[in-house]
Amino acid sequence: MQIISRLSTPITKTQAAKLSLQQLQTSTQPPNTYALGLAADGLPIIANITRSPAMLATGDHAASLQALLGTIAATAIFPGRQTSIGAVIVSRTPERWHGINPMTAAVSPKRMGDILQYHMQKPSAPRLPILLDNLGAGWDIEYRSLSLLANAPQFHLVVSASPGYACSIRSIFTKIVVGTISDFTTLFNLTAPTTLTIPLAHHQFAVRQQSKWLTFTTATTQ
C-alpha cells in the first residue's frame, strides 16, 4: 500500500470525517489501484492491485465494513482491460452491490467457483480482485481453499469478516485492516505483536505500516 499525495481537489480533515465517494474519486490515482479511504492528513490510502497482498478487514460494525468494500469497489481503476469485468464482489446479498462500478460484478457465493476457474484458464489475464463480503456463517469455503485463493498469483483477495471469524482465518493474511473492536482479547489476537491502541470511530479503520498503525476514514455512499 502507498499514500498518493496529489489531489485534484484538496480534501480537508473536516470533509474527511464525512467522506463521500464523489470526494474520494477526485483524487489523482494511478492505474490498477483502489482507494481504502483518507488518512487524517487528507491524503488517500491507495493499494496496488498487481502487488498488494491478500487483505483481511474486520470490525464490530457491519455497515463500516460494507462502506470499506464499497470504497474499494467504487474507486478501483482498471485501464486497458480486455474483459468487461475488472473485479468481483462475492456476497450473500449481491443485489446490494449492483451498479457500484461498471467493471465490478456482484455474484452469490455459489457462483464464485465458476468465476475463479474461468479466470485461471486465461493465463494472460490481469490479476483479478476478489472481494468477499462478510465471510463466515453461510459460506461453503474451507480454510485450505481460502488459503490457496489468498496466495494464488491470479487473484488479489480482500475479505471482510466479523472479529470472531477473522480470528479463525487470521494466519492466512499478512495485511489486516481493523475497525472498532470492543473486545480487547479479540483485538489483541488480531493485531499482535503491535497491538492497536488508537480509538476508532465509525467508518474509521487502521492498517499497519511497518511497525506503526495508520488510521483512515472510508467513504460513505452519499
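The largest cavity holds about 50 Å³ of space, volume being what is filled by probe spheres set on grid points joined across faces, edges and corners. A cavity here is a set of points on a 1 Å grid, over the protein atoms alone, where a 1.4 Å probe fits but cannot get out, and lining residues have an atom within 4 Å of a point. The model is a predicted one, with local features needing pLDDT of at least 70 and side-chain atom pairs pLDDT 80 or more, while totals for chains, interfaces and linings use all residues. Residues are numbered from 1 along each chain, and side-chain values use heavy atoms, without hydrogens or water.

Among the residues around the largest cavity are Gly59, Asp60, His61, Thr180 and His202. Helix H3 (62-75) and strand S10 (204-209) each give at least two residues to the lining; helices (H or I, at least four residues) and strands (E, at least two) are DSSP runs, numbered from the N terminus.

Turning to the packing, the largest nonpolar core has 35 residues, and Ile130, Leu132, Leu146, Leu157 and Val159 touch the most other members. Such a core joins buried Ala, Val, Leu, Ile, Met, Phe, Trp, Tyr and Cys residues through side-chain atoms within 4.5 Å. A second, separate core of 26 residues includes Leu36 and Leu65.

His119 sits in helix H4 (residues 112-120) and is buried, at 10% relative accessible area (buried means under 20%, with a 1.4 Å probe and protein chains only). Contacts of His119 (heavy atoms within 4.5 Å) include Pro126, Leu128 and Phe155.

Conventions: Buried means under 20% relative accessible area, exposed over 50%, partly exposed in between (1.4 Å probe, protein chains only). On a 1 Å grid over the protein atoms alone, a cavity is a set of points where a 1.4 Å probe fits but cannot get out, and a pocket is an open set with protein on both sides within 12 Å along at least five of seven lines; lining residues have an atom within 4 Å of a point. Lists of a residue's contacts leave out its neighbours within four places in sequence.
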